[in-house]
Amino acid sequence: MNITLIGMPGSGKSTVGQALAKRLGLQFVDVDQVIIRKTGQTLAEILDDVGDAGFRQVEERINAELDVQDSVIAPGGSVIYGPRAMAHLRDISTVVYLQVEHDELLRRLGDLHARGVSILPGQTFRDLYNERCPYYERYAHLIVDTKGLSLTQVAEKIAEQVQG
């Protein structure tokens, strides 16, 4: 069984993913770390070298080629722009959207560029949020509203839903 967590940067994909993997006895795969390992560059360096469009191509290719089993997968927030990657992730896993309100995300996030957030020049974080949320909803098998929940509670909620 694989579970893929999607959502905005700062939604808790990595922290919830690690807790969920531990709870279910699965491996944890941080796709940003896979990208760094395969390219030899940080996400910010890739963005600086090839720009937003080039970064998304790298991200889509690596996610579309991901070959893991018994894992909780945490891709970057912009994975939803890659239809090939999302089709692959939906085929190999249950895709769970971690829904977090805009203002809560802003509170959690620091420097977007340093975090390797794929955002176009002149685009605000609100614009990005409004653009991405419909994609997350479309690709998700399950949507988990995280409002008012601790990361442990979010992991428990997901575990209950995927285990039926």
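## Briefing: helix, strand and ring contacts

Ala-44 lies in helix H3. The model is predicted. Ala-44 counts as buried, because its relative accessibility is 17% and the cut-off for buried is under 20%. In sequence Ala-44 and Val-117 are 73 residues apart, yet their C-alpha atoms are 8.1 Å apart in space.

**Helix packing**

- Helix H2 spans residues 31-39 and packs against H3.
- The two axes are 11 Å apart, and the angle between H2 and H3 is about 110°.
- H2 is therefore roughly perpendicular to H3, since angles of 65 to 115 degrees fall in that class.
- The crossing of H2 past H3 is right-handed.

- Strand E1 covers residues 3-6, and both of its faces are covered.
- Ile-3 and Leu-5 sit on one side of E1, Thr-4 and Ile-6 on the other, and all four are buried.
- In a regular strand, side chains alternate between the two faces of the sheet.
- E1 runs parallel to E3, and 2 bridges join them.
- Ile-3 has Val-72 as its bridge partner in E3.
- E1 also pairs with E4 in the parallel sense, over 4 bridges.
- Ile-6 has Tyr-97 as its bridge partner in E4.

**Aromatic pairs**

- A pair of aromatic rings is described by the distance of the centres and the angle of the planes.
- The count of aromatic pairs is 2.
- Tyr-81 and Tyr-135 form an edge-to-face pair, because their planes stand at 65° and the cut-off for that class is over 60. Their ring centres are 5.6 Å apart.
- This pair links distant parts of the chain, 54 residues apart. Tyr-81 is in the loop between E3 and helix H4 (83-92), while Tyr-135 is in helix H6 (residues 125-139).
- Tyr-81 counts as buried at 19% relative accessibility. Tyr-135 counts as partly exposed at 26%.
- Tyr-97 and Tyr-136 form a stacked pair, with 5.1 Å from centre to centre and 25° between the planes.
- The Tyr-97 and Tyr-136 pair also links distant parts of the chain. Tyr-97 belongs to strand E4 (residues 94-99) and Tyr-136 to helix H6, 39 residues apart.
- Both Tyr-97 and Tyr-136 are buried.

**Charges over rings**

- Arg-56 lies over the face of Tyr-81, at 3.8 Å from the ring centre.
- The ring of Tyr-81 therefore has Arg-56 over its face and Tyr-135 as its edge-to-face partner.
- Arg-138 lies over the face of Tyr-139, at 5.9 Å from the ring centre.

**A loop residue with positive phi**

- Asp-70 has phi near 50°, a positive value in a residue other than glycine.
- Asp-70 sits in the loop between helix H3 (43-64) and strand E3 (71-74).
- Asp-70 is partly exposed, because its relative accessible area is 42%, which falls between the cut-offs of 20% and 50%.

Note on methods: Residues numbered from 1 in each chain as written. Predicted model: local features only at pLDDT ≥ 70, side-chain atom pairs only at ≥ 80, totals over all residues. Heavy atoms only, no water. Buried < 20%, exposed > 50% of the residue type's maximum accessible area, 1.4 Å probe, protein only. Phe/Tyr/Trp six-rings, centres within 6.5 Å; stacked < 30°, edge-to-face > 60°. Lys NZ or Arg CZ within 6 Å of the ring centre and 35° of its normal. Pairing = 2+ DSSP bridges. Axes fitted to C-alpha atoms, helices over the stretch in contact; angles between N-to-C directions. Parallel < 35°, antiparallel > 145°, perpendicular 65-115°, else oblique. Left-handed = near helix turned anticlockwise from the far one by under 90°.
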